[in-house]
Each structure stands twice: as C-alpha cells, then as structure tokens.
Amino acid sequence: MYIKKIAEIFNYRNMSGSIISFDKALNFIIGENNIGKTNLLELLNSVFSVGKFVETDFFNVLEPIRIVFTIGYDDASVGFFEDNFDIDDNNSITIIAEQDVVDGRISYYHNTPNMTPISFSTIRKINSLYYYAQRMPSKEVDFKKTNGSGKVLNYLIKKSLQVSGLNESDVINRENIDSIISNINDSIDSINTITGDSIRAFLDPVMDKIVSRLLMIGDENGRELSSLGEGIQYSFNIILQIIEIIHNTKISRKPEDFEERLISDGDKKYFPLILLLDEPEIHQHPYRQRSLTKKIEGLMSNANQDFLDLLHELFDIDGLMGQIFITTHSPNILLNDYKQFIRLYRDFDTNEFRIVSGNCISLDDKLYKHLLHNYLYLKEAMFSKRIVFVEGDTENGAVPVFAKRKNFDLDEHGIGVIKLDGADSVLYCMELYRYFGIKTYAIIDRDKKDKYDGAQDIFFTTEMDYEEDVYTSFKLHEYLACCKKLDILQSMIGPIRRKVSDLDVAAFRNDPSVLEIDDNDADLLMNECKADQLDKLKGSKNACKGAILAEYVTEIPAAFDRLIDMLSGVI
C-alpha cells in the first residue's frame with residue numbers, strides 16, 4: 001500500500017493547483033531554499049497523522065483546504081479500506097480530504113458520487129512518522145525519558161527483564177540498601193531532635209524505573225550520546241522512532257485491534273508506515289548521507305534481517321510495508337533513479353510555482369543506461385536553476401573562469417556546469433532536465449556540429465575543439481605567460497630563437513614578458529607553432545589546464561563569450 005498520487009491541492013499554502021505522482025518505495029523532494037519542500041511533508045503528515053490543518057496552512061482562510069489523493073493497493077493490502085476501491089481501478093482508492101474552516105478538522109470521503117465517509121481512525125491505520133530536521137536527539141534518546149525514544153528504550157528494558165525472568169527490584173541488593181537507609185536515618189534523627197518531627201528515609205515500595213535511572217547511552221568508549229556527532233544522534237533516533245510508532249500503536253490497543261491494523265500476506269504480518277524525513281543529510285558526511293538513505297530503504301523494504309528479527313522479537317510482526325519521502329538539498333543523498341525525484345521550482349520565464357515528478361518520465365532503457373555513466377554529475381545538476389553541459393574536463397574548468405572574467409557569478413545565479421563524457425549524452429541530458437524544469441545549455445566542439453546543428457541552446461566552438469578555439473584567441477605574450485604557468489615554456493624557445501637571435505634565454509625563462517618582437521612576427525610565430533602546441537595542450541586534458549587557459553587567453557573565444565552573455569541576460 002502506498003500513496004500513488006495527489007490529484008488535486010486547493011488552498012494549501014503555496015501548492016494550489018499541483019499534481020504530484022509518487023514512486024511506490026522512495027521519493028526525494030528537491031528544490032531550492034524556501035520553495036516549499038517541507039510544505040509537502042507537512043501536508044502528508046497533516047492528512048495521515050494529525051487530521052487537521054492549522055491556520056497557517058490556509059492560503060485563504062475564507063476558503064476550505066481540499067486534497068484529493070490516491071492510495072495504491074498491493075495484493076496483500078486489498079480491502080484495507082473496508083473493500084472500497086475506485087470504479088475504474090480495483091487496486092486503488094481515491095480519497096478527498098477537506099477542512100472547511102480553520103478551527104475544524106479534516107473530513108475524509110471516498111471520491112465517488114455517493115461521497116462515502118471514511119473515518120480518520122481508518123486513515124491513521126496507514127501510520128505516518130514525520131521526522132523533522134530541527135529535532136534534538138540528545139534530548140530524546142535517554143533512558144530516563146518516558147515518551148518518544150525514551151519510551152522505546154524503557155520498553156527494551158522491560159523486554160530484557162522478561163527474558164531474564166527478573167523484576168526491577170531484583171537488580172538491587174536489599175541487605176546493602178537497608179544498611180544505607182539505616183545510616184541515613186541516623187543522620188536524619190539528629191535533625192528530628194531539633195525540629196521535633198519524625199521524618200524517615202525508606203525504600204520506594206514501587207521501585208519502578210530503577211534500571212532506567214542507572215543506564216546511560218553512548219558509544220563504546222563510554223561517551224554520552226549528547227557528546228557524539230549530531231549525525232550519529234540523528235540516524236540512531238530515526239530507527240528508535242520507527243520502533244516507537246509500532247510500540248505506541250501496540251500498547252494503546254487490544255491485541256486483536258493491533259492485529260487488525262496489520263497487513264497480512266499469507267502467514268506474514270506487516271506494519272504499514274509512511275516515513276517522512278526532512279533533510280536527513282544534516283550533520284552527515286557525504287558518504288554517510290548516501291549510506292543512511294540506503295539503510296533506511298533497506299529497513300522499509302525488509303532487506304535487513306537483524307531489524308526483522310528485532311521487530312519479530314518485540315512485536316511479533318514480520319516487517320514493514322510502506323513508503324519513504326525525503327526532502328534534501330544534497331546530491332550525495334540521491335540514489336540513481338530519476339523516477340524517485342520530485343522537483344519543486346519556479347519557472348525561469350514566468351516565475352510560476354511548479355512541481356514535476358520523475359515518476360511521470362519514461363526513458364528508453366538504453367538511454368537510461370547511457371545516462372548512468374554521467375550520473376555522479378547529473379545528480380548535482382538537479383539542484384541547479386540552469387545547467388551548462390560541457391563535453392569534458394577542460395571545458396568544465398574553463399566556463400566558470402570565463403564567467404568570472406565577465407563579472408558574472410554562476411553560483412549566485414544557481415547555474416551548474418556539468419561535465420559529460422563526450423557529446424553523445426548532451427541531447428538526452430538536456431531533454432531530461434528540461435522536463436524537470438531546469439533550463440539547459442550546452443557547448444560542444446565544432447566537429448560535432450553536423451549532428452546537433454539546429455538544436456536549441458547549443459553553442460559550438462569556432463575551431464574544431466576547445467584547445468584550438470582558445471589557442472587561436474591568444475596573442476603571443478599572453479600565450480607565453482600561460483605556457484610558463486603550464487610548464488611548457490621550453491617548447492617555445494627554439495621557434496622564438498629562430499626569429500629573435502639575441503634572445504636572453506635565462507631571462508626569458510624567468511619572465512617571458514621580456515621578449516621584444518613585432519606584432520607581425522608574433523602572429524606568424526603563433527601560426528607556425530600551432531600544430532606542435534595543440535599537441536601539447538591536448539595531452540593530459542584536465543579541468544585545471546582548462547581553467548589556466550581560460551584565465552590567460554587574450555580574448556574569450558566567441559562561443560564561450562556568447563554563452564556567458566546568454567546566461568547573464570546580455571543577449
């Protein structure tokens with residue numbers, strides 16, 4: 001069972017008019033700051049867990065909030081909503097969630113002509129866990145707490161005592177404690193002689209929570225959890241929260257009612273759960289970000305046997321059945337499936353708010369496998385407002401330098417420069433990212449022009465490739481300074497000496513600007529050396545070399561100049 005689609009949003013914050021399709025397992029909600037990513041999580045939490053919208057949810061407080069969403073059934077979950085299903089699809093049910101006034105509550109209806117009411121208690125059976133970024137695990141994960149994660153830790157104590165056949169009172173030595181109480185009372189008696197009272201110390205007859213008062217939680221070196229990194233605290237607490245929602249559901253109901261909330265598949269019983277995570281990458285190392293996502297996905301897909309064993313031991317269930325929603329600003333947390341991406345953005349031309357779901361895109365398998373070769377870079381591109389695709393490393397290093405030379409800050413304008421391994425992927429990538437609402441451009445070597453000529457927003461080098469384009473844009477003295485930086489100045493000494501017989505080689509090596517040569521001879525020299533120098537420039541291509549060439553070149557090559565002008569709005 002999973003949320004298949006939100007077909008209508010009316011009057012909820014900034015999201016009216018949005019239609020969103022979801023992946024049945026994992027959804028990454030991406031977009032720039034303050035665009036409304038968390039709004040989507042809170043909408044789902046309000047509908048499935050809270051049952052009420054608050055005043056700030058209403059875009060217009062004089063109109064109702066109306067959400068129409070579709071739940072998809074797996075074979076095991078058919079009948080979860082009392083045998084209600086859509087007329088045109090036996091494996092789904094479309095539900096209207098509507099709240100008329102600010103101080104009211106959400107009413108739920110099956111979206112049919114009869115508008116059959118659905119109780120909130122039935123909706124809550126789906127179980128929604130919202131874990132937001134501002135939570136403080138160090139304040140929650142404590143054996144002394146009696147709610148939230150603390151309740152889970154105390155439940156673990158209770159289970160441990162049951163397995164051991166002990167009561168809490170068994171953990172203390174009664175004879176020793178009685179001796180301590182006697183000594184304390186000797187001191188208290190001295191006070192009583194002054195006040196005339198009969199105050200006594202005695203053992204708590206209930207002696208509840210003794211173990212929880214003794215235990216602390218931390219790492220293997222005895223450091224308390226609060227002193228560990230917040231990333232460790234966050235990830236540990238997420239798991240406790242998953243256990244807590246199951247525990248809370250179980251202890252607050254009769255055994256038969258808890259069983260009724262489970263989804264049965266043969267002899268297996270699963271706990272339904274929608275997991276809403278707000279920026280789980282906070283305080284996490286990049287590799288740990290991706291690792292945490294994979295581990296949570298593993299828990300929700302019942303791929304972690306240790307966790308399954310724990311759930312069976314604690315609650316006599318066989319796993320989870322649900323869906324994950326993650327808001328994120330980090331490309332490191334994204335996995336390699338564009339169908340799991342939901343992007344919120346403002347249209348570059350109209351500034352209208354839009355949401356697009358990768359779930360609605362269907363790429364050819366061959367094309368998708370081709371894109372996977374570049375996916376490390378393409379995931380970062382999902383966070384850009386605009387993208388410039390380049391063929392290789394040298395162009396990747398050059399474009400930011402050219403932009404800087406023209407006093408245009410790519411980062412400030414949310415423009416990413418993405419390197420592809422050759423030009424073959426350019427059109428495919430441009431098509432994919434345009435679908436996600438990201439305006440795209442590309443700059444390609446002229447030797448590919450016949451293949452791409454006429455395509456929108458593609459620029460071609462004037463010469464055959466970047467190195468030749470930039471070489472022909474150099475004047476001699478700037479090129480010599482660049483050669484010194486690239487440590488290839490020696491290759492120019494022979495040709496120069498043939499034109500300048502009295503060249504002071506030592507002084508020239510130290511400072512190429514000492515060379516005195518007329519403009520005509522300088523141009524002739526650059527032309528004569530072109531083939532040899534291009535061989536050197538094209539050897540061992542890398543972004544650093546591309547950036548150095550871009551920094552020293554006399555004039556920015558025409559294609560790159562036009563590209564930067566396009567990005568900055570000059571043309």
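Started with Asp-465: at 10% relative accessibility I logged Asp-465 as buried (buried is under 20% relative accessible area, exposed over 50%, partly exposed in between, with a 1.4 Å probe and protein chains only). This is a predicted model, where local features need pLDDT of at least 70, side-chain atom pairs count only at pLDDT 80 or more, and totals for chains, interfaces and linings use all residues. Residues are numbered from 1 along each chain as its sequence is written, and side-chain values use heavy atoms, with hydrogens and water left out.

Next I looked up the partner. Asp-465 and Lys-538 meet through their side chains in a salt bridge, 2.8 Å from N to O (a side-chain nitrogen of Lys or Arg within 4 Å of a carboxyl oxygen of Asp or Glu). Asp-465 sits in the loop between β17 (458–460) and α16 (466–471) and Lys-538 in helix α21 (residues 530–538), so the pair ties together parts 73 residues apart in sequence. Helices (H or I, at least four residues) and strands (E, at least two) are DSSP runs, numbered from the N terminus. Lys-538 came out partly exposed, at 33% relative accessible area.

Then I checked Lys-541, which forms a salt bridge with Glu-467, the closest N and O atoms being 3.4 Å apart. Lys-541 lies in the loop between α21 and α22 (543–552) and Glu-467 in helix α16, so this pair links parts 74 residues apart in sequence. I have Lys-541 as partly exposed at 40%, and Glu-467 as buried at 1% relative accessibility.

Last, the tally: I noted 23 salt bridges in the structure.
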